[in-house]
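Here's a quick look at charged pairs and a pocket. Take a glance at the model before reading on.

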Amino acid sequence: MRAIKYNEAYISFLNNGTTFQKESIRKEKIELNMKVFSILYLLVIAIITLFMILEVKHEYNIDIFPNFNTPFDDVYFSVKKAF
């Protein structure tokens with residue numbers, strides 16, 4: 001009887017498949033949520049890294065092209081001054 005209890009989802013699949021379908025849908029939702037969370041996490045890390053690079057560039061006057069600011073610089077520092 002224990003073996004039947006452990007394979008309850010399989011037996012339900014043989015009967016009508018609804019438990020197996022619900023379980024597979026739940027697993028797919030979890031995988032999708034993990035993928036979305038991973039992409040958002042990487043996006044946040046990339047944005048924070050960009051802000052850090054802009055701050056270091058401004059603080060230590062590091063310019064690849066002297067006297068030339070990128071649009072990111074202009075937007076970032078105008079928003080920063082507004083706060």
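What follows covers the salt bridges and then the pocket.

This is a predicted model, where local features need pLDDT of at least 70, side-chain atom pairs count only at pLDDT 80 or more, and totals for chains, interfaces and linings use all residues. Residues are numbered from 1 along each chain as its sequence is written, and side-chain values use heavy atoms, with hydrogens and water left out.

A salt bridge here is a side-chain nitrogen of Lys or Arg within 4 Å of a carboxyl oxygen of Asp or Glu. By that rule there are four, including these:

| Pair | N to O distance |
|---|---|
| Glu-23 and Arg-26 | 2.7 Å |
| Lys-80 and Glu-55 | 2.6 Å |
| Asp-73 and Lys-57 | 2.5 Å |

Glu-23 and Arg-26 sit three residues apart in helix H3, so about one helical turn separates them. (Helices are DSSP runs of H or I, at least four residues, and strands are E runs of at least two, numbered from the N terminus.) Lys-80 is in helix H4 and Glu-55 in helix H3, so their pair ties together parts 25 residues apart in sequence.

For Lys-57 the value is 19%. Shared partners join Lys-57, Asp-63 and Asp-73 into one salt-bridge network.

Now the pocket: an open set of 1 Å grid points, over the protein atoms alone, where a 1.4 Å probe fits, with protein on both sides within 12 Å along at least five of seven lines; lining residues have an atom within 4 Å of a point. The largest pocket is lined by 13 residues, with Lys-57 and Asp-73 among those nearest its centre. Helix H3 gives the most to this lining, with five residues.

Technical notes
Buried means under 20% relative accessible area, exposed over 50%, partly exposed in between (1.4 Å probe, protein chains only).
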